[in-house]
Each structure stands twice: as C-alpha cells, then as structure tokens.
Amino acid sequence: MSTTTLEKTEAGPAPAAQPPRRTRRGERGPLGAALLHGGLALASLIALAPVAWLIFLSLGPEKDDYLHPGKILGKLSFSNYSFVLEHTGFFDWFKSTMIVAGGTTLIGVFVAATTGYAVSRMRFPGYKQLMWVLLLTQAFPIAILIVPMYEIFSQLDLIDTYWALIVINCTTAVPYSAWLLKGYFDTIPFEIDEAGRVDGLSPFGTFFRLILPLARPGLAVAAFYNFITAVGEVAFATTFMLDDSKYTFAVGLQTFVSEHDAQWNYMAATAVLIAIPVSVFFYLVQKNLVTGLTAGGTKG
Amino acid sequence: MTVAIDRATGKRRGDRAPRPGLGQRIKNGYQKYWYAYAMIAPVVVVLAVIVGYPLLRGVYLTLTDANSLNSARTIGVNHIPATYKFIGFGNYKDILFGPLSYDRFWSHFLWTVVWTAACVALHYTIGLCLALMLNEKLRGRTFYRVLLVLPWAVPTFVTVFSWRIMLADSGVINQILHALHMPQPQWLEDTFCQRFAAIMVNTWCGVPFMMLSLLGGLQSIDSSLYEAAEMDGASAWQRFRHVTLPGLRSVSSTVVLLGIIWTFNQFAIIFLLFGPTSAPDAQILVTWAYFLGFGQQPRDFAQSAAYGVLLLSIITVFTSFYFRWLKRNDQLAV
C-alpha cells in the first residue's frame, strides 16, 4: 500500500530517460527529473487551460469578448456575475438542481445501502443474477429508455415535474452506488454483525444501528456520487423539463447559446458559479470514489 | 434459528464452516435468506418499475410505427388517443437493410466503433503515462495531481461549453494556430474536424478517471517484486513489462470495460459540443437515436427506440464476450 519504498520505473513515460549508468534506488538523473516535471507540467497545463479560459472569459463584459481575449485584460469586471445573479433564472435553476439532486441522493443512497448490505453479507439464490442486472443497468444507453419513459411519464402527467428526473436519475445512480457500498460493507468485520445478533438485535436492527453508522464514509461517497450524477445529467433534463423556471443547471446553461444568439460571457459566468462548489466537493471525496469503483468492479 | 451472516462471503474464505448437505440447505433456504430478500426488495422494485417496464414498453414500441403524430397526446382540453399500429420487425429491417441504411445506421455505427476505440485507447495510454509519472517520488506531486484531476471535477456540461468557445471559428485555438502560421480548421463545421474535436474533448474529460484508477493500481503493487526484479538484473523496460503491467491487470480490465461502456454511451459531450441540430455526421448512435426521437419533427419514437434496443444488444453481447475472454485469459495465466 505504501508508495514510499517503491522502486520506480522510468519505463512508461520516457524509457530513454533512464541513464545508462547504475543509479542507486530511488535516484534519478537530472535529465529524468526534468523530463518528468516537463511532462507533468504540460499535462497539467492542458488539464487546466479550458477551465482557466472560462474563468478569464467570464470577466469580460461584452458578449463578443471571446473573439478578442487581449482586450479583456483592460476591462476586467464582475458585471457578468451580477447580471447572471440578478436578471436570469439562476436561482430558479439552482433550486431545481438542488431538489432533483437532493431527492436523488436521499432515495438513491437508502435503496443502494440496503442492497449493498444484502449482497455483501449473504449469498442468496439469485445473487449472481442481481449483480449482473446491477452491472448491466449501468451500461444502459439513454436512448433505450428515453422514448418509453417519455411516453409513460406523459401518460402519468409527470413530464415537467421534479419527480420524473429524480426517479430517472436513480436508475443510473443506484446500481453503481450499490456496488460501491458493497465494497465498503465488505471491509466491516463480520464479527460486528454477529455481536449484534448475539445481543438480540434483529437483522434490520443490526443494519440500521451498527452497520450504517460504521459505514458513514462509504455512505458519504455514495451520496456524493448520486448528487454529482443528478447535477450532471443532460439528456433527460433537456427533454423532460419544459418550464424554464424548472430547468436544472445543465439545461439552463444551454439557454445562453441558441442558434441566433450566443451570450458567451453570461454563460461563462454561470458556468464558473456552478463549477466552483461542485469541484470543491469533488476534491473532498475523489480518492474514495476511485477506490470504491475499482474495488466493486474487480470483485464481480 | 436464523443465521445472521453467511460467512462464505467477503474476504474470509479461508475459515468458513463446512457447508451443510444439499437437503439441509434447501430446507433452511427461505428461513435463512428472507431478510436478504427484504433488503434487496427496494432496488428490485425500483429497477423493475423504472427500468424493466420502460424497457418492455420500448421493445414493444420498436415493433410499431409510433411517432409524435400518432401517439396519445393532449392538445388543450382535447385528448387524442394513440393510433399507431403493430408492424412487426419493420423498423429493424428498415434500419439495418432498408434504403439509405448505410447513411442512417451503418455510417454512425462505424463512427461509434472508431470513436469508442480511439477514445478508450487514448484514455488508457495517456492515463497510464500520467499515473506512472505521478507514481515517481517527486517534488510537487500532490500539486500536479490536483491539477490533473480538474477535468473530472468540473461537471462535463460546463467544460464542454468551454471547449465550444475555444474551438469556435475565431476562438482561441484558431487564433493560436494563426499566430503559428498553421492551418485553422473549422472545428465545429467540417465533418472530419468535428470528429477530431469530439475525440479530443472526450479524451480530455476521460483521462483523469483512468489516471487515478491506474495510480491506485500502481500503488498496490508489492514493492518487493521490483526489488527482486532489480536483483535479477531486469532493465527498466523489463520491470515495466513483467512487473508493472501484470500487476495492473485486474484494475485495467475493469476500467477498460467501464471506459468502453461509458464512451459508447457518451451523450453529453457530442450533444452539447455541436448543439442539438447541427453536425449530423459526427453523431454517434446514442445521440443519433436521441435526434430521431426528440430532435426532429415529427418525432420518430419507434425508430429511436429501435436504435436503443440495437445499442443495448451491442453492449450486452460485447460485455459477455469480454467477460468470457477475461476468464479464459486468467485461467491461462495462472
């Protein structure tokens, strides 16, 4: 697990960088170090550039400023931000996004946690089929569900409601969260369940009173995954939300760019306002997200 | 008495109790598993209602000629009932073999295959290179890591718009190319450039996930293996080939599969990069199916759903072959 004693290979990025002379463990020639820093700096720059550019453009007050970026430096202002906050549906979109994402998170995590626990502790008949279904559901192309769902939801008068989006987002978020939580529950010792049972708790009592509190970090990651899935969902939100006060951010952002008019400056400012909180949250949990993902995947 | 835990699960395979006989197991089955079923019931119900039923409904729609003109709809106070009818496998026949089937299906299919292969290959290669670099003992490693994860941290629908500004006709990328006296392609208009741009943007978005997963894999390789290899006089390349790559095998097979599935179904990037109506030739099957169902008038629900069924069949067949191949390889390797 620890990286500190790892003998490093130069092979991947630049095999040629390994100096021919014999180096002691963990040592690297100055050329190798320069190449490493150069490669990483270049990659970081590419990763950063589009985001930095967006932030920069959001400070230019005119809508065609993106064509003359040099001029923005002379007239930096926050006027786009105040316009977006005061004269667009930003807070409506914020509200819808929060309702949809919050609903998805609450329902999704609860449902995924019970399933994750069951598949972590038990090998019941039908176990394999369930895991297979959970895996396959993640692979569902939106194209196969969007048409029948549109039809069903319009018959139920659910088009243009938050419920429709919450329910749909659960289909994508729950299967993965269940895998993730299964991986987490697997790390909690079985002795704890046994102790709870010996002390007279019911199976559900064991789950709610002992396991759920212990699994808080895992639940937090699952909650975040649900949240981010719901915030980033584009296709269904674009199709199912008709009233512009119910747009989520993913739809609202598109309204700045129509075929006839593109208000890139306002769009950039809105994008920055959305991106900052989401990214901050992301950094808090990203490490666990990856671990859960690959752990859940390899055990299938 | 019910048994709380099936000790055969998880990591503790070594010290499980001997299994009872078959008859005993069947007898205890329901008694033993009832709460497991109760706990998976919510997921089963949710999936059955919001995936299973629409799926069946969608498969039925593909066998009809439903579109937005003959479906049930409400205009003002008048409710018009559905009038579409059953036409059997007509839609599939039309999509796969009908006139213009090349332009409407096969060209998109080929492009989807190229798109998936190119994107996943780029994700994996670049991700592996960056993971190897980040795995070095190096000053500022955390700083690089934070920056490199950025494309994943910012929501896709935000970054795609940023790329759209940068790739616009007189956007910053073409201005830089102009300053360097290089040709300035019309990224968002010309078909080849559209495809190139789409792959580029998707690569940018997808590398961080691969990088982090592979970095996790690299860090879990036992360092004594490298020491032993070095003692035996293995060169850097040999250590990479015979220690690093085999050590990454299980992580790789998972992330490559996930990458293929996600890229194959990637909707947001192409849909947002080119807008809902332009760029018919750069649409992969998912976005093309969406266009048929919602981007045009009249909306062709039946054909769109038929594309969806075809997509799901492709991905299911691919995944089961992938697993079979994985299993066989593992058996051979040990």
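Visitor: In chain B, which element has the highest confidence and which the lowest?
Guide: This is a predicted model, in which local features need pLDDT of at least 70 and side-chain atom pairs count only at pLDDT 80 or more, while totals for chains, interfaces and linings use all residues. Residues are numbered from 1 along each chain as its sequence is written, and chains are lettered from A and ligands numbered from 1 in the order in which they are written. The pLDDT is the predictor's confidence in each residue, from 0 to 100, and helices (H or I, at least four residues) and strands (E, at least two) are DSSP runs numbered from the N terminus. In chain B the confidence is lowest in strand β1 (residues 73–75), at a mean of 64, and highest in helix α3 (residues 101–134), at 91.

Visitor: Over which residues of chain B does pLDDT stay under 50?
Guide: Chain B as a whole averages a pLDDT of 81, with 86% of the residues scoring at least 70. Contacts are pairs of residues whose C-beta atoms, placed from the backbone, lie within 7 Å. The stretch for which the model has 8 contacts beyond four places in sequence, and over which pLDDT stays under 50, is residues 10–16 of chain B.

Visitor: Which helix gives the largest share of the side of chain B that touches chain A?
Guide: The contact takes 100 residues from chain B and 96 residues from chain A. Counting Ala, Val, Leu, Ile, Met, Phe, Trp, Tyr, Cys and Pro as nonpolar, Asp, Glu, Lys and Arg as charged, and the others, Gly among them, as polar, the chain B side has 65 nonpolar, 25 polar and 10 charged residues. The largest share of that side, 18 residues, comes from helix α1 (residues 22–62) of chain B.

Visitor: How are α5(B) and α7(B) oriented to each other?
Guide: Helix α5 (residues 156–167) and helix α7 (residues 191–219) of chain B pack at about 140 degrees with their axes 11 Å apart, where axes are lines fitted to C-alpha atoms, for helices over the stretch in contact, and angles run from 0 to 180 degrees between N-to-C directions. Angles under 35 degrees count as roughly parallel, over 145 as roughly antiparallel, 65 to 115 as roughly perpendicular and the rest as oblique. Therefore α5(B) and α7(B) are oblique.

Visitor: Which residues of α7(B) meet α5(B)?
Guide: The residues of this contact divide into 6 nonpolar, 2 polar and no charged. From α5(B), Thr156(B), Thr159(B), Val160(B), Trp163(B) and Leu167(B) take part, and they meet, in α7(B), Ala197(B), Val201(B) and Cys205(B).

Methods:
Two residues are in contact if their C-beta atoms, placed from the backbone, lie within 7 Å.
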